[in-house]
Amino acid sequence: MRLFVGLLLPVIILVLVSGCRALTPYTVHEAQDMAQINVAADPRVELVCIIKYLSGTAEGEAFDPEYKEAVTKKFASFAEHPAVRMAGNIGISSLVSLAVYLDNAMDLKPVYADKPEQIHIDDVEAFLSHLRDFATASAFLEFYGEQRALYRDYELIYANNIAKAGLKPWMRKYFGRKFDISFQVVPAPLLVSVNGVGPFMDTGENGRMCYAIVMARPDMKWWLWQYALRFYILHECLHSYINPLLDRHYDMFKSSAEAMYPLIREDSWYMTAESLIHATVGIYFREHPGMGTRREVASRYPWVDGLIETIQTSRRNTLDWTFEKSLPDCAAFFEEYCRENRETIEGKARELEAKGPKIVETIPAPNATDVDPFLKISIRFDRKMNKKQVIKADVPGFRGCRWDDSGMVCTFEFDLQPDMDYNFSVNGFYDADGFQSESLSFKFRTAKVTPSGELR
């Protein structure tokens, strides 16, 4: 899944894979024709959450202070481990998507033949090698066993809380397709993301394993926690359906979604997926009065109410309706929204350009020649940047990057080769207030070296 890039919360809707589950779940049997929902902690998921937390790039904090303290005490000495350093430049969505494709928490071997598109990790084998070493050297499974009582408490809370959500029959009806679906909620008390993650695993022509990572917050008031848990589980489950559909049909949304960027400052694909999901969640709660309020509709997307009406009109007027059949109408809605709000969008675009961070210096300079191949590329900005953002550089051998203490200088780690032309390219960077710089691209050439390794 895309990272969804990222910004999302810990607990998972997992489906069992042979050999994947280490714990016996508490099973909730709902009314007739309801989905079976299993609840069990998962060591594979917790392992990647911990290394993401140690990397210092996790969005958010652990809501359970005792658990956070236990993690820090056990693993702080491994903060510079290669697995942790690599995780700093991998989105939590990709980490969790990889975790659910691993055979078990001991061997950590992938069960796929070809890497799924939702796993955005350049060198998976290298990362898994480091991950296995981390798990062994840190005695991760021993720690996991010591925390069993805490995981058990969360399992019971979740099992008792989601029994009446009725997700499976509603999604079958809404999406107009019959999937062989199983759900499993996996409490992950170390919050490493702002909202949640919804990876999935296709298991055959009609099979799909749906996941939803949502936060574990025992300190929330009970009524609010009931609502939030159902909201986030449904929200992340919907990613399993809507993401693949949007991948197939994104061309019809692309132009208007990119034009709307100044309004919300999110990746255009991500914004489109989230808008469709927020609208669908809004429809679910309208059809299930008493299970929540319409607070999710009045979220960060002011156009969601109009999108709900567009989907509902399509449902009423389309023979043998499926959600996929409504996508052209949704795309037309976005186009009309852009036309009606053109002046506002243009004004926001000018504001973003003026407020965005500026690049003060690059090392090496653009078009430089005879660059020392042992030099580390760095970029200096005019202000403090968001040090937790995941950065991808389009250059061979990229291993990651690090920010200095000021948060103004980013240094990239990769091995340059002598006597080579390079075209360094990286997407825009976000500052501490969420404003984005322009993308950066420049060329340079490294110097020749003698057989002894000296510069010529």
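Axes are lines fitted to C-alpha atoms, for helices over the stretch in contact, and angles run from 0 to 180 degrees between N-to-C directions. Helices (H or I, at least four residues) and strands (E, at least two) are DSSP runs numbered from the N terminus. The model is predicted: local features need pLDDT of at least 70, side-chain atom pairs count only at pLDDT 80 or more, and totals for chains, interfaces and linings use all residues. Residues are numbered from 1 along each chain as its sequence is written, and side-chain values use heavy atoms, with hydrogens and water left out.

**View 1. Overview of the chain.** The chain holds 15 helices and 16 strands. Of its 456 residues, 53% are buried (buried is under 20% relative accessible area, exposed over 50%, partly exposed in between; 1.4 Å probe, protein chains only). Among contacts (heavy atoms within 4.5 Å) with a separation of 6 or more, 72% are between residues 24 or more positions apart.

**View 2. Packing of helix H12 against helix H13.** H12 (residues 268-287) and H13 (residues 304-317) pack at about 70 degrees, and their axes are 9 Å apart. This angle makes H12 roughly perpendicular to H13 (under 35 degrees is roughly parallel, over 145 roughly antiparallel, 65 to 115 roughly perpendicular, and the rest oblique). H12 contributes Ser275, Leu276, His278, Ala279, Gly282, Ile283, Arg286 and Glu287 to the contact, and H13 contributes Val304, Asp305, Leu307, Ile308, Glu309, Ile311, Gln312 and Arg315. By class, the residues of this contact of H12 with H13 are 7 nonpolar, 4 polar and 5 charged (Ala, Val, Leu, Ile, Met, Phe, Trp, Tyr, Cys and Pro count as nonpolar, Asp, Glu, Lys and Arg as charged, and the others, Gly among them, as polar).

**View 3. Packing of helix H12 against helix H14.** The axes of H12 and H14 (residues 327-340) come within 12 Å and cross at roughly 115 degrees. H12 is therefore roughly perpendicular to H14. H12 passes H14 in a right-handed crossing. On H12 the contact involves Met271, Thr272, Ser275 and Leu276, and on H14 Leu327, Cys330 and Phe334. The residues of the contact of H12 with H14 comprise 5 nonpolar, 2 polar and no charged.

**View 4. Aromatic pair Tyr422 and Phe444.** The whole structure contains 21 aromatic pairs (rings of Phe, Tyr and Trp, the last by its six-membered ring, with centres within 6.5 Å; planes under 30 degrees apart are stacked, over 60 edge-to-face, the rest tilted). The ring centres of Tyr422 and Phe444 are 5.4 Å apart and the planes are at 15 degrees, so this pair is stacked. Tyr422 belongs to strand E15 (residues 421-426) and Phe444 to strand E16 (residues 440-446), so the pair ties together parts 22 residues apart in sequence. Both Tyr422 and Phe444 are buried.

**View 5. Aromatic cluster.** One aromatic cluster is formed by Tyr67, Phe75, Phe78, Phe134, Phe140, Phe143, Tyr144 and Tyr151.

View 6. The peptide bond from Ile363 to Pro364 is cis, with omega near 5 degrees, and Pro364 lies in the loop between strands E9 (359-363) and E10 (368-371). Asp320, in the loop between H13 and H14, is not a glycine but has a positive phi of about 50 degrees. Asp320 is exposed, with a relative accessible area of 59%. Asp419, also not a glycine, has a positive phi near 55 degrees and is located in the loop between strand E14 (409-413) and E15. Asp419 is partly exposed, at a relative accessible area of 32%.

Conventions. A crossing is left-handed if the near helix is turned anticlockwise from the far one by less than a right angle, and right-handed if clockwise.
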